[in-house]
Amino acid sequence: MEILKARRFLPEKSSVSLLLMVIFSVYGKLEALEMNVGKVPFLEAVNGSDVLLPCVYASCIGIRKLYFKWEFNDNGTMVKVLDSVIPKDHAEPVNMHICRDRVEYMGSAKTNNVSIMILNVTFEDAGQYTCFGKNPKEMDKNHSAIFTLSVVDELRVVDNTLTKIIMSCVGGCIALLVIFMLIKNLTLFVLAKLEEKNKECLVTSSGIDNTENGLSGSKVTPKPTPKKV
């Protein structure tokens, strides 16, 4: 009997475990921290300009002692640029360490923004930057997003010749279509007027013929009766 009870208990225990795994997996997806560097995770900047590297975070369950940092990929070696800790939601970072020259923190606790700015960028600043975050509320899971910075002497002038040609062709086709419609409408109007005029001429000529031929319905001037001598 004890063996049978144990056998009956095992399936129930396994099903409960499976259910708990599903619940925790779904909950884990809902609570996941997200680091976001924007819809366009790259930028081309002119040498000597100031560049903003964007990054914002989001979490469904909030944060507690969120650790975040920026790193630079220097030929395969991850070099720390800046790191800090945000104690709780809508709190300013504490114990911030800026590990690189010409870098300023541009974040805001109100908007969950942890962006940085690089002043007077050089060609050595070009490469991949990683915005990293770890939230203890999520069992210290790591989350990151990569932003790529390119540095050039001057911004490339985009050749719009093909675009201009296409736009000119499209504009020309539209203009021809408009002219065609105008000519068509004018032609139909003239034909309608000519047809109306022809109908009037036919009616008039028909009336004249009936009068000359003395048909019924026509008016005939009676001849005067000769006087007797």
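**Chat about a predicted model**

Student: Hi! How many helices and strands does the secondary structure come to?
Tutor: The protein has two helices and 11 strands, taken as DSSP runs (H or I, at least four residues, for helices; E, at least two, for strands) and numbered from the N terminus. This is a predicted model, where local features need pLDDT of at least 70, side-chain atom pairs count only at pLDDT 80 or more, and totals for chains, interfaces and linings use all residues. Residues are numbered from 1 along each chain as its sequence is written, and side-chain values use heavy atoms, leaving out hydrogens and water.

Student: In what order do the elements run?
Tutor: From the N terminus, α-β-β-β-β-β-β-β-β-β-β-β-α.

Student: New topic: how many disulfides are there?
Tutor: One, counting pairs of cysteine sulfur atoms within 2.5 Å. This disulfide joins C55 to C131, with S to S at 2.0 Å. C55 lies in the loop between strand 3 and strand 4 (56–58), while C131 is in strand 10, 76 residues apart.

Student: Which hand does the disulfide have, and why?
Tutor: It is left-handed, because the torsion about the S-S bond of C55 and C131 is about -85°.

Student: And are C55 and C131 buried or exposed?
Tutor: Both C55 and C131 are buried, meaning under 20% relative accessible area; exposed is over 50% and partly exposed is in between (1.4 Å probe, protein chains only).

Student: What about C60?
Tutor: C60 counts as exposed, at 62% relative accessibility. C99 is partly exposed at 47%.

Student: Last one: what percentage of the protein's residues is buried?
Tutor: Buried residues are 22% of the 229.
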